[in-house]
Every structure is written in C-alpha cells, then in structure tokens.
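This report describes one protein chain, starting from a single residue and moving out to the whole. Please look over the sequence and the structure before reading on.

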Amino acid sequence: MPGSAWTERLAGLRPGRFDVHTHAIDPDLPDVGSVYGGSFPSIERTGTRTARMIVDGRAYREIDERCWSPSARLRDMDAEGVAVQVLSPIPVTLCHEQPADGAAELARVQNDFLAGMVAEAPHRFLALGAVPMQDPARAVAELTRCVHELGFLGVEIGTRVGDLELANPVFLPFFEAASQLSAVILVHPVDRALDARLGRLGFGFGLGMPFETSVAAAALLAARTLDAAPGARIVLAHGAGSFPAILPRLDRGQLLVDADMDASQLASARARRLWCDSLTYDVASLELAVGRFGTGHVVLGTDYPFAARECPAGAVFDGLDTELRSRLEGINAQALCADVGAKPPHLQQERFPA
C-alpha cells in the first residue's frame, strides 16, 4: 500500500484505545495436514457459534464466534471502549516446525481470511498475517503480499523455527525484507515449542512463554539482527515476557567479557529499539517494561478473546499518569503503524520486489 494511501488508512481509524494483540481464526480452516502431511491444526464445528481447535489429534481449545465474527468482536470492543483491534493468527497455527508447503498454504488461507474480516470494518480492524518461516524465501514473499496487497501492518511469528533461533543467519533475508517494508513483526511464543520440563510442572503459561520470548529477544540483540534490519518494528508479546527483568544481568554478562564495552552496545541500551505490548497483568511489571523500552515503545495488548486476556482492555493502566496512559492506550500504536509499506529513508537500495 503506497505511503499516502496508508496515511489515509490510519487517519480513517476510529480514535481511542488501540489493541495491538488480539487473535482470530477461520472457523472453516482447511485441513492442511490431510494434503501436505505433518501435524497441522484443524477446526471442528460444534455449533453455529462455537468450534473446537484440534491439534495433534486432540482437542486443543474451545473457541467461539468472537474468533471469526466482526460483529461479535465489535460488540465487545464497544462495551470495553476499544476503538481498534489488530487481528493476528492464533499462535499454534503458525506451524514453523511443520512441512513448508503446508505452512505456506495455511498462512495464505489465514491471511486471506483476516483480510476479509478487516474489510468488513476497516475503520476498526487492522491485521498481522502469518508466514512460513521454515522457508525464508516464501516467508519474504508472503510478508510482501501481506503488506503490499492485503494492506496488513506486517506479520506475527513464533519465538523460534523448529530448532532454529530467529537470530539464525538463514532468517536474515526475512528481517531485511521487513525492514525494507517498515513492517511490524509481532514475536509471540507458541505453546507447542515450550520447554517440556516446564510443561510437566504445569508452568507452560506462567514460565514457559515468558522464557521463550526472553531467549528470542536476547538472541536477536546478540546476533545484531536489528542492525541489519533497522526498519523492522519488532514487538514482543506479553510485556516482553521476563526479558525486562533480566536485562541488567545480560549487561553484566557482557561486561564480564569486555569491561570496556561501550554503554551503547549493552543489551539494555539496544533493547530500546524493540517494542512490547502491555499484557503484564501487573502495574509494576508494566512500569518496568516502560522503563526498559521507553515511554514510546509500549502498546496496548490484551490477547482477546481468550481466557488469558486482560479484561477490560487497559485495566492495568489504572493509576498511571495521564500522559503515559494516553501513550499506551493509542498514541504509541499509531506511531508503530505509521508509514508501513514505505521504505525507510536511510535504506537507499531496494533489495526485495514489491
């Protein structure tokens, strides 16, 4: 989408609370696994307004029309004072560890569905798509389609791709393409990829997801991925997990290796180039994230419509000063979304096709 058209698109959004972290899915999602092999999620309809997600042959989650019905979502948004939602895939459907052909088809189908939802209420919805990260060339192609053809902000990806970290050089072309597009990349942990030990202890949600996000973020900083992709807008889900709390220890680890390291190269300084959402459930944790990433790099996120969501949206903002609350409720999200699709001025040479 050309820069002027994107500016007009953002200007047409309803002003107010801007929720960057919500999920949606097609209730008639095709059974990709039956065609391409592997273990892909599928959907089983259980009623006119309800369905069941099936993963690895077992019931994974009961879902309802809020996952696919714009009108149902808009009712909740109006009740909670949410002006805009960014729709993104349910993380278990990203399938970065599955056969690439199936993952590419599932991403395409999901992106087309999300585009249809956005079209029903373009002044209230934006979207982040899915990409087959296990095939970086196809991930670049689908990212480009999402931004230039579907009008998305960018895409959502997991914290790793099979056994590979996001910081692996094989994924650098993807991040460089995101930089060229000024795309938003929401990094979201996937419960199928969590440490099995934490799952056995019953801490997959409470410890596993925050840990996964922290490892991915630390690896991206250490690998200098952000230096190679300065235009990419990387947002860490769930208040960046445990990453804000461990940054001082990462700094100390760097200084133990090189006591003369320039302060600008420490993890805590470089982390301010990242973004995170506000889904911390706790004011002190939110304030820590704001301190680590900056007052302009934290955005409202709720995990709507699932049980883990913050309800009402922005409840954790109670008690914050008026200026910071305004930033987190919508001003920062507007800045995050500005100029998506436009090549940043410091990038002189086009390296990826539109």
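## A residue in helix α8

Thr-213 is in contact with Thr-159, Pro-189, Leu-236, Ala-237, Ala-240 and Gly-241, when residues up to four places away in sequence are left out. The model is a predicted one. Thr-213 sits in helix α8, which covers residues 204–222. Is Thr-213 buried or exposed? Its relative accessible area is 0%, so Thr-213 is buried; the cut-off for buried is under 20%.

One of the contacts of Thr-213 is Leu-236. Leu-236 in turn touches Val-187, Thr-213, Ala-217, Phe-243, Leu-274, Trp-275, Cys-276, Asp-277 and Phe-293, again without residues up to four places away in sequence.

Which residues of the largest nonpolar core touch the most other members? They are Leu-143, Ile-157, Phe-174, Ile-234, Leu-236 and Phe-243, in a core of 102 residues. Helix α4, residues 100–120, gives the largest share of this core, with 7 residues. In soluble globular proteins, nonpolar side chains tend to be buried together.

## A residue in helix α11

Ala-267 belongs to helix α11, which runs over residues 267–270. With a relative accessible area of 8%, Ala-267 is buried, because that value falls under the 20% cut-off.

Apart from neighbours within four places in sequence, Ala-267 has contacts with Leu-221, Leu-247, Leu-250, Asp-251 and Gln-254. Ser-326 lies 59 residues from Ala-267 along the chain, and their C-alpha atoms are 28 Å apart.

## The whole chain

The chain contains 13 helices and 13 strands. A compact globule of 354 residues would have a radius of gyration near 20 Å, and the 19 Å of this chain agrees with that. Along the principal axes, the C-alpha atoms fill a box of roughly 65 × 50 × 45 Å.

How much of the chain is buried? Buried residues are 55% of the 354 residues. Among contacts with a separation of 6 or more, 74% are between residues 24 or more positions apart.

## Surface and charge

The chain exposes about 14,400 Å², and 53% of this area comes from carbon and sulfur atoms. How many positive and negative side chains does the chain have? There are 32 positive and 44 negative side chains. The centres of the two sets lie 1 Å apart.

Conventions: Residues are numbered from 1 along each chain as its sequence is written. This is a predicted model: local features need pLDDT of at least 70, side-chain atom pairs count only at pLDDT 80 or more; totals for chains, interfaces and linings use all residues. Side-chain values use heavy atoms; hydrogens and water are left out. A nonpolar core is a set of buried Ala, Val, Leu, Ile, Met, Phe, Trp, Tyr and Cys residues joined through side-chain atoms within 4.5 Å. Buried means under 20% relative accessible area, exposed over 50%, partly exposed in between (1.4 Å probe, protein chains only). Helices (H or I, at least four residues) and strands (E, at least two) are DSSP runs, numbered from the N terminus. Contact means heavy atoms within 4.5 Å. The radius of gyration is taken over C-alpha atoms; the globule rule is 2.2 Å times the number of residues to the power 0.38. Accessible areas come from the Shrake-Rupley method with a 1.4 Å probe; for residues, only the protein chains shown count as cover. Lys and Arg count as positive and Asp and Glu as negative; His and the chain ends are not counted. The place of a charge is taken as NZ of Lys, CZ of Arg, CG of Asp or CD of Glu.
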